[in-house]
Amino acid sequence: MKRLLIIFFLFLPFLLNAQNINGRITSSFYSFERYNTASSSETFFRTYQALNLNANYSKFSLRTRFNFESNLGNALDADPRVRFYNLYLEARDLLGIATVKLGRQPLFTPVAGGLFDGINLKLKYAGFSLTGFYGGNLPAYQKLELTHDLGNDYIMGGRFETVALKNFRLGVSYIDKNFKSVDYYAERLDENLDPVTILIQSKSNQYKLLSADAYYSYNNLVDVSTRYEYDLNYEVTSKVEFDGRVNATDKLGLNFYYNYREPRIRYNSIFSVFDYGNSQEIEGGFDYKISGLYRLFFKYGDVKFDSEHSSRLSLGVTTQYGSVSYRKTLGDAGELDAASLYLAKSFVEGLITPSVGVTYTSYKLSSDDETNSITALLVGINFRPWRILSFDFQTQYFNNKIYKNDFRVLFKVNYLFNTNL
């Protein structure tokens, strides 16, 4: 609470001088039952209060997003908890070329994504852009704290991108992400085989990746994207990916996907001594527009591991009201059959939107194992009396041999605001 008050007064002058304030307030209530033993259970009521806030003044903005969660009645461990996802200042179009972000912010790159505490600088001019970022990794549960060891617990990188070529986008990215392991105490045996308590301090684990990507689009007929990643620590190709689509006619679209992937293992990790082998995945399919309301789709894919492989296929129909689909998986990764249906439709110009979804899945880990099944059902309704205010109510049901008759309830209120001062 003290940190929240300090932050509030720190940014209060900016909020008072803002020209525009907008955002969203969300309040959610979630109920579920948890079994402590085979014969006794407890019912929990979780509350989540979230705030998205943007305060804008000319080219400057303060952006924040945080969540407060707690339990009504019997509290869980670490309740209540505040998670800060965003809290940063943004300055746009400085000198006509620069955008700067400072604070806790999201990171989006082809190589990696997430959140970090630091600075992000982007320079953009005449179809070219150059981005660089540096900062610390977040603590557990998005606590409002900075890392205590920035030299060993950091993320840094950059990206160069150009759209100067017609119909092309080309980019090169680099990322260096280092993790500082948490120190802990454990009992070990000394030279006399007596138990002693010692402090365990592990080395930081690291990712260093270099990536190149390209995207090509032509007259809404052809869309092709490809990406290559190289692991600088292990000095191997980490990933090759290709994704393409051709609109053969006004109704028929053809899709193709391929990737080659090495396991993503942190440097200096004990798991690096194991030889997992790589995997190659290939998938092709099509979608066909039957009319303005219905689109039929089909995909077939195969994944090849070191000495095994697994196949999958999916087909279904999508409409403006939802979708119905079937998916089948077979091979060394297990066998699975799943059918699902989801429908939603708005009435009275969006005032009421009921929805329903049902999924039935049967699976077994190998051809010799017994067949298990999963049934999942959700029924919900969205009520929006005004554009800025909406209410959601949803019931969820799940049943298999582990979670028998699992029933949950979710209620959420959304309030949007946008004020020019």
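Strands, as named in these legends, are DSSP runs of E with at least two residues, numbered from the N terminus. The views below come from a predicted model.

**View 1. Here is the second largest pocket and the strands that line it.** About 400 Å³ of space lies in this second largest pocket. Its lining is made of 19 residues, and those closest to the centre are Phe108, Asn120, Lys122, Thr131 and Arg159. Strand β5 gives the most to this lining, with six residues. At least two lining residues each come from β5 (98-108), β6 (113-125), β7 (128-136) and β8 (154-162). Sorted by class, the lining of the second largest pocket has eight polar, six nonpolar and five charged residues.

**View 2. Now we turn to the largest pocket, with about 580 Å³ of space.** There are 22 residues in the lining of the largest pocket, and Leu138, Pro139, Ala140, Asp153 and Lys180 lie nearest the centre. By class, this lining divides into eight charged, eight nonpolar and six polar residues.

**View 3. Tyr234 and Tyr267 meet as one of the 11 aromatic pairs that the structure holds.** Their ring centres are 5.6 Å apart and the planes stand at 75°; planes over 60 degrees apart count as edge-to-face, so this pair is edge-to-face. Tyr234 sits in the loop between β13 (222-231) and β14 (236-247), while Tyr267 sits in the loop between β15 (252-261) and β16 (279-289), so the pair ties together parts 33 residues apart in sequence. How exposed is Tyr234? Tyr234 counts as partly exposed because its relative accessibility is 30%, and partly exposed covers what lies between buried, under 20%, and exposed, over 50%. Tyr267, at 31% relative accessibility, also counts as partly exposed.

**View 4. Phe286 and Phe298 form a tilted aromatic pair.** The two rings lie 6.1 Å apart, centre to centre, with 35° between their planes. Phe286 belongs to strand β16 and Phe298 to strand β17 (residues 294-304), and this pair links distant parts of the chain, 12 residues apart. With 30% relative accessibility, Phe286 counts as partly exposed; Phe298, with 28%, counts as partly exposed too.

**View 5. Two arginines can be seen here with aromatic rings: Arg81 with Tyr141, and Arg266 with Phe179.**

Definitions and conventions. Residues are numbered from 1 along each chain as its sequence is written. This is a predicted model: local features need pLDDT of at least 70, side-chain atom pairs count only at pLDDT 80 or more; totals for chains, interfaces and linings use all residues. Side-chain values use heavy atoms; hydrogens and water are left out. On a 1 Å grid over the protein atoms alone, a cavity is a set of points where a 1.4 Å probe fits but cannot get out, and a pocket is an open set with protein on both sides within 12 Å along at least five of seven lines; lining residues have an atom within 4 Å of a point. Grid points are joined across faces, edges and corners, and a volume is the space filled by probe spheres set on the points. Ala, Val, Leu, Ile, Met, Phe, Trp, Tyr, Cys and Pro count as nonpolar, Asp, Glu, Lys and Arg as charged, and the others, Gly among them, as polar. Helices (H or I, at least four residues) and strands (E, at least two) are DSSP runs, numbered from the N terminus. Rings of Phe, Tyr and Trp (its six-membered ring) pair if their centres lie within 6.5 Å; planes under 30 degrees apart count as stacked, over 60 as edge-to-face and the rest as tilted. Buried means under 20% relative accessible area, exposed over 50%, partly exposed in between (1.4 Å probe, protein chains only). A charge sits over a ring if NZ of Lys or CZ of Arg is within 6 Å of the ring centre and within 35 degrees of the ring normal.
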